[in-house]
Amino acid sequence: MHISCSPLLLLLLAATVSPNGALSDDEKRALVELHNLYRAQVSPPAADMLHMRWDEELAAFAKAYAQQCVWGHNKERGRRGENLFAITEEGMDVPLAMEEWHHEREHYNLSAATCDQGQMCGHYTQLVWAKTERIGCGSHFCEKLQGVEEINIQLLVCNYEPPGNVKGKRPYQEGTPCSLCPSGYRCENSLCGAEPSVNSGLNSGLGHIGGPLLGLLLLPSLVLAGIF
């Protein structure tokens, strides 16, 4: 059920959300930290999981697509992975977005590299894809989101490089954490980390917080999460 109020009022009520729905620096940092937290805590543990860092070029690309207010993957994304999340009337909730993506782990079989029939796992596998090490996200407030009947929606787009979700391949190699780190990488918090990129605009450590599939998940009038 929707509450009738103006978009301006909705934005004023949404904590840490700017007038156009852009992500705050704290939200950007939380996205990186939560990705790395979930990656470090995979079970069974990963031997080759790379530390993820923020990439401003990916963030600009994601923001530009979010501004188009389309519920569906960017067909022009090229060699970039992509996760989508949307929430109605409450402003962006980064921890909830991450929780929804991570929750798909319950339907994923790592040994067989398969997802339970009728379920989605693509958000989770991209989140924990070992070779992905750059992320950039953008958010935008959409009075109307193409492809969705609900109105006043906050859309989050995250793009990744290198992309994950290669058909038939496991997202990571099971083993002792950091035992298969690439040459030149160091082990930190069970992740393989490279030297910070000059393209990274955020301090994205773990210190603060201890082929695409077709589908759409609609939770009653509140949350949308989909990978297509």
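I'll begin with helix H2, and with its buried residues: Glu27, Lys28, Ala30, Leu31, Val32, Glu33, Leu34, His35, Asn36, Leu37, Tyr38 and Arg39. That makes 12 of 16 residues, so the helix is mostly covered. Please keep in mind throughout that this is a predicted model.

H2 runs over residues 25-40 and reaches 23 Å from its first C-alpha to its last, close to the 22 Å expected at 1.5 Å a residue. What do its buried residues pack against? The list is strand E1, helix H4, helix H5, strand E5, strand E6 and strand E8.

As a general point, an α-helix has 3.6 residues a turn, so residues three or four places apart point the same way. Is Asp26 buried or exposed? At 57% relative accessibility, Asp26 counts as exposed. Arg29, at 22%, counts as partly exposed; the cut-off for buried is under 20%.

Now the overall picture. The protein has 5 helices and 10 strands. It has 228 residues, and 50% of them count as buried. Its accessible surface comes to about 11100 Å², and 52% of that belongs to carbon and sulfur atoms.

On to strand E2, residues 81-88. All 8 of its 8 residues are buried, so the strand is largely enclosed by the rest of the structure. In general, side chains in a regular strand alternate between the two faces of the sheet. Here Gly81, Asn83, Phe85 and Ile87 point one way, while Glu82, Leu84, Ala86 and Thr88 point the other way. Which strand does E2 pair with over 8 bridges? That strand is E6, residues 151-161, and the pairing is antiparallel. Within E6, Cys158 is the bridge partner of Asn83.

In soluble globular proteins, nonpolar side chains tend to be buried together. The largest core in this model has 34 residues, and Leu31 and Leu156 touch the most other members. H2, E2, H4, H5, E5 and E6 each give two or more residues to this core. H2 gives the largest share, 6 residues. Setting aside neighbours within four places in sequence, the contacts of Leu156 include Leu23, Leu31, Leu84, Phe85, Met92 and Trp101. Another core lies apart from the largest one; it has 14 residues, among them Cys69, Leu145, Val148 and Ile153.

Last, the remaining salt bridges I want to show. How many salt bridges does the structure hold? It holds 4. One of them joins the side chains of Arg53 and Glu133, at 3.5 Å from N to O. This pair links distant parts of the chain, 80 residues apart: Arg53 is in strand E1, and Glu133 is in the loop between H5 and E5. Both Arg53 and Glu133 are buried.

Another salt bridge is formed by Glu161 and Arg134, whose closest N and O atoms are 3.5 Å apart. Glu161 is in strand E6 and Arg134 in strand E5, so to speak two distant parts of the chain, 27 residues apart.

Note on methods
Residues are numbered from 1 along each chain as its sequence is written. This is a predicted model: local features need pLDDT of at least 70, side-chain atom pairs count only at pLDDT 80 or more; totals for chains, interfaces and linings use all residues. Side-chain values use heavy atoms; hydrogens and water are left out. Buried means under 20% relative accessible area, exposed over 50%, partly exposed in between (1.4 Å probe, protein chains only). Helices (H or I, at least four residues) and strands (E, at least two) are DSSP runs, numbered from the N terminus. Two strands pair if DSSP finds at least two bridges between them. The expected span of a helix is 1.5 Å times one less than its number of residues. Contact means heavy atoms within 4.5 Å. Accessible areas come from the Shrake-Rupley method with a 1.4 Å probe; for residues, only the protein chains shown count as cover. A nonpolar core is a set of buried Ala, Val, Leu, Ile, Met, Phe, Trp, Tyr and Cys residues joined through side-chain atoms within 4.5 Å.
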